[in-house]
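Q: Could you walk me through this one? I'd like to go strand by strand and then look at the helices and the core.

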Amino acid sequence: MIKVENVKKAFGQTTVLDGIDLTIEPGEVVSILGSSGSGKSTLIRCINGLEKLNGGQITVDEFDVGKPRELAEARKRSGTVFQLFNLYPHMTVLGNITLAPIEVLKKPRAEAEATALALLESVGLGSRADAYPAQLSGGQRQRVGICRALAMQPRYLLLDEVTSALDPEMTAEVLAILAKLAQEGTTMLFVTHEVEFARQISDRIVFLDKGRLLVDLPTQEFFAADGGMAQPRVAQFLSKMRKD
Amino acid sequence: MRFADFTAFDLVLLAQGLGVNIALFLATSLIGLVIGIAWAIVRYYRVPVLSEVITFVSELLKNSPVLVQLFLVFFGLPGLFHIRVAPVTAATITLSANTAAFIYVIAVSAIESIGRDQIEPARVFGLTRWQVLRHVLAPQAAAFAVGPLIALLVNQLQVTSLISVIGVVDLTKIGNILNMRTLKPFVVWTAVGLLYYAAAKLVALLGTRLENRLRAHSAWRGL
Amino acid sequence: MRLDLSILLPHLGFLAQGALLTAEACVLALVGSVIMGAFVAIARTSSSAALRRIAFVYVDIFRNVPFIVQLFFFYYGLPEIGLYIDAFTTGVIALSIAGGAYASDIIRAGILAIDQGIIEAAEVSGLSRRVIFTRIVLPIALRTSVRPLGSVLINMILTSSILSTITLNELTGSAQIVVSQTYRPFEVYVVLLVVYAALTYLVSLAIAILHRRLNRDMMEAVA
């Protein structure tokens with residue numbers, strides 16, 4: 001379980017997260033929606049330890065990300081997929097995916113490569129194992145990014161606007177993979193702009209506005225007129241997204 | 001007191017040695033500056049044959065060791081022309097040519113960095129070639145070139161230490177003499193190193209001051 | 001005045017041996033410089049202010065003191081503290097320390113140029129700082145540093161001529177011996193000059209090829 005308790009985060013004078021409480025149970029698919037600047041990405045970056053908290057606590061399976069010794073364990077349990085892919089440019093696709101399993105999980109190379117190839121097959125990139133990131137399209141790179149995160153067999157998959165840098169065609173191919181993962185029972189925490197997608201595959205939707213958590217409801221209730229839509233900020237946001 | 005110990009006079013010797021380095025540095029830098037800029041102007045006006053020869057010579061001087069250049073002038077020229085060349089003369093000739101080669105490259109890139117769109121309007125307005133050079137090109141080229149120029153000069157100051165190998169009694173030569181007399185290499189060479197370091201820092205400091213003065217008047221302030 | 005290059009022919013083998021020694025010394029010193037430079041670059045970017053200071057002072061000193069002084073410091077000084085090393089090793093050590101000062105700036109720039117996102121992806125995978133540095137940061141930084149490090153190598157080839165002053169028979173030292181045997185300094189030193197220039201030219205070509213090959217995988221494919 002990921003537990004976010006009264007988390008506060010500020011960059012200099014600007015408060016980005018102002019007392020967030022959130023719980024993610026294993027097996028859940030949760031989407032975080034909100035306008036730019038609402039703190040969505042920062043929240044994910046706090047959960048995987050890239051940002052230090054100014055207040056509150058985050059635990060991943062009881063491991064406190066604020067404590068350096070426990071952070072390593074917490075990180076083993078979560079995998080992150082980034083908006084800008086962040087693949088290692090000097091390594092092949094296979095190298096990218098197998099680096100952490102070999103170095104952190106101490107898996108033998110043969111086993112790590114076998115797992116990697118299986119993952120690549122499942123996303124349709126089985127033939128590109130020896131390619132370099134520079135030779136792949138954006139959608140392909142993101143699929144590799146997903147495989148890289150999954151190779152560590154994480155309990156929780158954190159996805160930070162993973163389709164925002166892709167054109168519509170590539171976005172569709174990545175979303176298809178994510179939908180499949182959700183169906184298979186992977187625990188996922190999305191930060192996304194794809195409202196329709198979130199609606200289709202999420203169990204729960206969380207809405208952030210200016211660093212505050214305004215709504216946290218099961219999907220159906222979120223989009224109901226007397227549920228999430230009753231919040232003016234939510235309605236405003238959703239109508240804006242629909243216009244785009 | 002044994003002769004092998006240090007005396008106060010040794011400080012005078014060291015200072016004199018440094019003086020030789022600095023004197024040669026100043027002289028060869030000046031000569032090199034004049035020659036290098038002259039070469040760059042020749043290249044700018046695309047004088048046939050001469051431009052190519054200059055580029056070739058410059059590349060040769062830049063990509064070969066200064067020590068070998070010194071040997072060529074000091075040992076080689078007398079052998080070929082049956083003349084005598086004093087160590088200081090050989091040093092002056094060699095270092096001037098070497099500096100000129102580097103100045104040439106800096107000057108060329110500085111001139112080229114000023115777009116032709118500055119030069120054409122000036123010509124259209126009726127300025128002669130010489131006037132364009134003096135009022136449009138030179139100030140801006142100078143401001144552009146000061147940075148690399150300072151780095152070059154600091155380097156050339158250190159290069160002067162090689163003249164000790166052909167017998168000029170500069171700071172390094174004094175260091176050799178003191179080392180052989182006192183047999184205290186750490187003290188001697190640290191002292192010599194310190195003096196060169198101080199001189200290099202002085203040149204860099206004066207250079208930055210000059211750079212700031214030039215930048216203040218030049219239009220390329222934001223660069 | 002007679003110019004006769006053919007007198008060099010019987011000595012070509014000997015000169016070739018000298019060239020080989022130069023090559024050996026420079027390759028070893030390049031490796032030494034990169035290692036030294038990597039350590040200093042880490043120190044320069046470390047969170048410890050003391051470490052940053054030491055690294056800065058090291059780079060400052062060895063860039064502002066002439067190489068010949070550094071060389072004499074080690075060559076005459078090391079025996080004083082009981083370290084009796086041959087001229088070749090002393091030369092390589094001196095070149096590595098001097099080269100490391102320049103290499104550290106280059107590697108540091110290469111490290112700082114790495115996309116932060118890549119480091120973040122490595123961190124959240126649970127990779128230790130040591131592994132991140134050796135498997136990700138250094139390989140990427142070195143790939144982008146190939147060209148500037150190539151300049152360091154070229155400079156080192158030219159500077160290695162100074163090793164002839166500590167009785168090492170590298171290329172320049174061998175040439176001096178040939179001069180003493182043929183009494184033809186002009187011919188020998190002219191050829192030497194051209195050989196060095198040709199050598200550095202070849203190295204710069206090799207660097208360009210190496211840069212392309214190493215970075216080929218990282219460059220965007222032309223769609």
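Q: Before anything else, what kind of model is this, and how many bridges join β1(A) to β2(A)?

A: This is a predicted model. In chain A, strand β1, which covers residues 2-11, is joined to β2(A) by eight bridges, and the two strands run antiparallel. Within that pairing, V4(A) has L22(A) in β2(A) as its bridge partner.

Q: What order do the strands take in the sheet with β1 and β2 of chain A?

A: The order is β2-β1-β4-β5 in chain A, which makes an open sheet of four strands with antiparallel pairing. Its edge strands are β2 (14-24) and β5 (63-64) of chain A, each of which pairs on one side only.

Q: Switching to β8(A): which strands does it pair with, and in what sense?

A: Strand β3 of chain A, residues 29-33, runs parallel to β8(A) and is joined to it by four bridges, with I32(A) standing opposite V191(A). Strand β7 of chain A, residues 156-160, also pairs with β8(A) in the parallel sense, here over five bridges, and Y156(A) stands opposite T187(A).

Q: And how does the chain get from β7(A) to β8(A), with what handedness?

A: The chain crosses through helix α6 of chain A, residues 168-183, and this β-α-β crossover is right-handed.

Q: Are the faces of β8(A) covered or open?

A: Both faces are covered, with T187(A), L189(A) and V191(A) buried on one side and M188(A) and F190(A) buried on the other. The strand spans residues 187-191, and five of its five residues are buried.

Q: Which residues have the most contacts inside the largest nonpolar core?

A: That core has 188 residues, and those with the most contacts inside it are C147(A), L159(A), L189(A), V206(A), L70(B), A107(B) and Y189(C). Among the elements that contribute, helix α4 of chain B, residues 87-113, gives the most, with 13 residues.

Q: Last topic, α4(C): where is the kink centred, and how far does the helix reach?

A: The kink in α4(C) is about 35° and is centred on G100(C). The helix has 26 residues, 87-112, and reaches 37 Å from its first C-alpha to its last, which is close to the 38 Å expected at 1.5 Å a residue.

Note on methods. Residues are numbered from 1 along each chain as its sequence is written. Chains are lettered from A and ligands numbered from 1 in the order in which they are written. This is a predicted model: local features need pLDDT of at least 70, side-chain atom pairs count only at pLDDT 80 or more; totals for chains, interfaces and linings use all residues. The expected span of a helix is 1.5 Å times one less than its number of residues. The bend at a residue is the angle between axes fitted to the seven residues ending there and the seven starting there. Two strands pair if DSSP finds at least two bridges between them. A nonpolar core is a set of buried Ala, Val, Leu, Ile, Met, Phe, Trp, Tyr and Cys residues joined through C-beta atoms within 7 Å. A residue is buried if 20 or more other C-beta atoms lie within 10 Å of its own, exposed if 12 or fewer, and partly exposed in between; C-beta atoms are placed from the backbone. A crossover is right-handed if, with the strands pointing away from the viewer, the path from the first strand over the helix to the second runs clockwise.
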